[in-house]
Amino acid sequence: AYMVQGQGKSTFPKLLALMKENPRALHQLLDKLAKAVALHLNAQIKAGTQTVMIFDTWGGLLDTDNYRLFSLYYVQQIFSQLDQSVPSILFTKQGGKWLNIMSQSGCHVLGLDHTVNLQQARAQLNNKVALQGNMNPEILCQSPEIIRAEVAKILADFGKGSGHIFNLGHGITPDAPPENVSVLIEAVHTLSKEYHLKA
């Protein structure tokens, strides 16, 4: 997305135009990138990384058919080539509508953005994969009390048992005060203890 667009954009119009006007060229590019990413991730695994993650920036901009063709297909190609000795995570921004097909991509964990209801996602996927997420990054700009309340809500939404990695529902924003990140981490460590029991 960034390669074709030349910069970060919320809608990536040049990439969407390429998909419509020259889908063959886009498939060729995505195939090369999938092979390169798989090689890179396997090198990271060999070097000792404990998990790998595919961060799909543009998938949520597509309709379901194009998501399968121009995003998920290549994600599956990457996962199929990976050394399976470490867990793999798939995050597709705005991908909540495709949780079932994403869970069949070969990943071990699905990252969820903040628009997805964690309780519903857990029920829908029925432990097929673990879930990661999904606090709205904007909460980190709020007061410590609001941060702790949001952590408590997210933990309660997932409920007891294993299979949840607490995380933001997207990247941290530059305006988030570092001390608020410390508040978040402390809240997760403190409040999650009661959820470690089996469901």
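This is a predicted model: local features need pLDDT of at least 70, side-chain atom pairs count only at pLDDT 80 or more; totals for chains, interfaces and linings use all residues.
A crossing of two helices is called right-handed if the near helix is turned clockwise from the far one, by less than a right angle, and the crossing of α7 and α8 in this structure is right-handed.

**Helix α7 and its two partners**

- Two packed helices are described by the angle between their axes and the distance between the axes.
- On the α7 side, the contact with α8 is made by Pro144, Ile147, Arg148, Val151, Ala152 and Leu155, while on the α8 side it is made by Asn180, Val183, Leu184, Ala187, Val188 and Leu191.
- Sorted by class, the residues in this contact of α7 with α8 are 10 nonpolar, one polar and one charged.
- The other pair consists of helix α6, residues 118–125, and helix α7, residues 144–158, which pack with their axes 7 Å apart and at an angle of about 20°; because angles under 35 degrees count as roughly parallel, α6 is roughly parallel to α7.
- Like the pair described above, α6 and α7 have a crossing that is right-handed.
- Here Leu118, Gln119 and Arg122 of α6 meet Ile154, Asp157 and Phe158 of α7, and these contact residues divide into three nonpolar, one polar and two charged.
- One of them, Asp157, has its place in helix α7 and is buried, since its relative accessible area is 18% and the cut-off for buried is under 20%.
- Apart from residues up to four places away in sequence, Asp157 touches Leu118 and Gln119.

- In soluble globular proteins, nonpolar side chains tend to be buried together.

**Strand β4**

- Gln132 lies in strand β4, which covers residues 130–135, and Gln132 is buried, with a relative accessible area of 8%.
- Not counting residues up to four places away in sequence, Gln132 touches Met53, Ile89, Val109, Leu110, Gly111, Leu112, Ile165 and Asn167.
- Asn134 also has its place in strand β4, and a cis peptide bond, with omega about -5°, joins Gly133 and Asn134.

**Backbone angles in two loops**

- Most residues other than glycine have a negative phi, and most peptide bonds are trans.
- Gln94, found in the loop between β2 and α5, has a phi near 60°, which is a positive value in a residue other than glycine.
- With a relative accessible area of 39%, Gln94 is partly exposed.
- Asn126, in the loop between α6 and β4, also has a positive phi, near 50°, and Asn126 is exposed, with a relative accessible area of 59%.

**Two lysines**

- Lys93 is placed in the loop between β2 (88–92) and α5 (99–102), and at 30% relative accessibility Lys93 counts as partly exposed.
- Although Lys93 and Gly59 are 34 residues apart in sequence, their C-alpha atoms are 6.6 Å apart in space.
- Gly59 is also one of the residues in contact with Lys93, and the others are Asp56, Thr57, Gly60, Asp113 and His170, leaving aside neighbours within four places in sequence.
- Lys46 has its place in helix α3, residues 23–46, and Lys46 is exposed, with a relative accessible area of 79%.
- Lys46 and Ala187 are 141 residues apart in sequence, and from C-alpha to C-alpha they are 34 Å apart in space.

Conventions:
Residues are numbered from 1 along each chain as its sequence is written. Side-chain values use heavy atoms; hydrogens and water are left out. Axes are lines fitted to C-alpha atoms, for helices over the stretch in contact, and angles run from 0 to 180 degrees between N-to-C directions. Helices (H or I, at least four residues) and strands (E, at least two) are DSSP runs, numbered from the N terminus. Angles under 35 degrees count as roughly parallel, over 145 as roughly antiparallel, 65 to 115 as roughly perpendicular and the rest as oblique. Contact means heavy atoms within 4.5 Å. Ala, Val, Leu, Ile, Met, Phe, Trp, Tyr, Cys and Pro count as nonpolar, Asp, Glu, Lys and Arg as charged, and the others, Gly among them, as polar. Buried means under 20% relative accessible area, exposed over 50%, partly exposed in between (1.4 Å probe, protein chains only).
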